Amino acid sequence: MDKIRNPFSPGAGAPPPELAGRDGVLEQASVLFARVRNQRAEKSFIMTGLRGVGKTVLLNEMERMARTEEYRTIFLEASDQKPLAVLLVPQLRSLLYDLDRMAGAGKKVRRGLAVLKSFVAAIKVSFGDIELGLDIEPEKGTADSGDLEIDLPGLFIAVGEAAEERQAAVAIFIDEIQFFTKAELNALIMAMHKMQQRRLPIVLVGAGLPILPGLAGDAKSYAERLFSFPEIGPLDRDDAVKALQGPVMGEGVSFEKSALNEIFTWTKGYPYFLQEWGYQAWNQADATLITLRVVKDSTIHVVNRLDENFFRVRFDRLTDGEKRYLRAMAALGQGPYHTTEITRQLGVERSTALSAVRSKLIKKGMIYSPAHGQLSFTVPLFDEFMRRAMPVA
Ligand SMILES: Nc1ncnc2c1ncn2[C@@H]1O[C@H](COP(=O)(O)OP(=O)(O)OP(=O)(O)O)[C@@H](O)[C@H]1O
Ligand SMILES: [Mg+2]
């Protein structure tokens, strides 16, 4: 069928034609925005889930919602390249200048800029040429200790008070939050703790791979009290059907029931895979009914495409040792896997020798620990791919 009219949108962060099965978490966001806007306390939240389940799409949608609620929004994507402070400062700076231009009396916005200036001076990282305003003196003694866990809360308080003074509210969105270091996560958690205690109008919505198991002690218990952690998973059968059928119906086309079942069996409801199968099936079909036959014929194209793109790019970034480790996991089936089992599978005596490989793989976002002593793949169906890519373990 006409490739130009193909409604499906496989691709990182690409908004799907139908955002199926996410009403619960969208409602949670809408309540959060409305309550904080009305100076009521509400937990911020961090969505966690595997690769390709639709976290970025949700963050973008929530940013749009926050804007219609007249929030000022900040969107950050964490990576292993840039520290939190470097990502945050330019955005807070524009936010404060923005607030500065709004009508209203008071000194809190200027103070916010002064505190930002002392924050930048104290955190010893290179910010390039950020001009914070020559007429503003840094505020000595606030947010300038050089310790992020002390300074970030101080900075957030200053920004929160500035927003409050202008009757504005701020929503901070952070994607790939698992890339932050423990110290950065702790600092964010402490900063949000202050926002809640003081009812200041800043909310945080994060998304990423699960981070809680990596936190410990106070940080973990604060995080559990301050945030909720909605899990973003695969779609159930009904929602998967909606995600496929809805968009084609809009074009006067439909999937046969058995065709939908076939796609569900292959994709297990993972959003990214649903888009890929839908996309290829549409292109293969030559009539307005997409049949089981068409889907079966598309599957080979989809699997090739996934192997060549989605899976392969991740595989190619691995060292031989890392590949062997993942292959040993895959040999054990679907997971989660006990580290001791993986060690045994590799034929190694003690797992301490493997802990370096393991932490590299976690750093690269290939695996994560869903519970103590356990590991899982972050990419759905990666175990099957590993068995295809390396037939012998
Ligand atoms: N609710 C949904 N229904 C149908 N398709 C969806 C849904 N959510 C996301 N998708 C599709 O899934 C794909 C992946 O979405 P997205 O990039 O947001 O995932 P992600 O969780 O951020 O992945 P990653 O962890 O790799 O960044 C996109 O093609 C998107 O269109
Ligand atoms: Mg994403």
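**The sheet and a ring pair**

Mentor: There is an open sheet of 5 strands, in the order β2-β3-β4-β1-β5, with parallel pairing. Strands (E, at least two residues) and helices (H or I, at least four) are DSSP runs, numbered from the N terminus. Two strands pair if DSSP finds at least two bridges between them. This is a predicted model: local features need pLDDT of at least 70, side-chain atom pairs pLDDT 80 or more, while totals for chains, interfaces and linings use all residues. Residues are numbered from 1 along each chain as its sequence is written, and side-chain values use heavy atoms, without hydrogens and water.

Trainee: Which strands are at the edges?
Mentor: β2 (71-77) and β5 (227-228); each pairs on one side only.

Trainee: How many bridges join β2 and β3?
Mentor: 7, in the parallel sense. One of the partners is alanine 169 in β3, bridged to tyrosine 71.

Trainee: New topic. How many aromatic pairs are there?
Mentor: The structure holds 18 (ring centres of Phe, Tyr or the six-membered ring of Trp within 6.5 Å). In one, the rings of phenylalanine 273 and phenylalanine 310 have centres 5.5 Å apart.

Trainee: Why is that pair edge-to-face?
Mentor: Because the planes are at 85°. Over 60 degrees counts as edge-to-face, under 30 as stacked, the rest as tilted.

Trainee: Are those two buried or exposed?
Mentor: Phenylalanine 273 and phenylalanine 310 are both buried. Buried means under 20% relative accessible area, exposed over 50%, partly exposed in between (1.4 Å probe, protein chains only).

Notes. Chains are lettered from A and ligands numbered from 1 in the order in which they are written.
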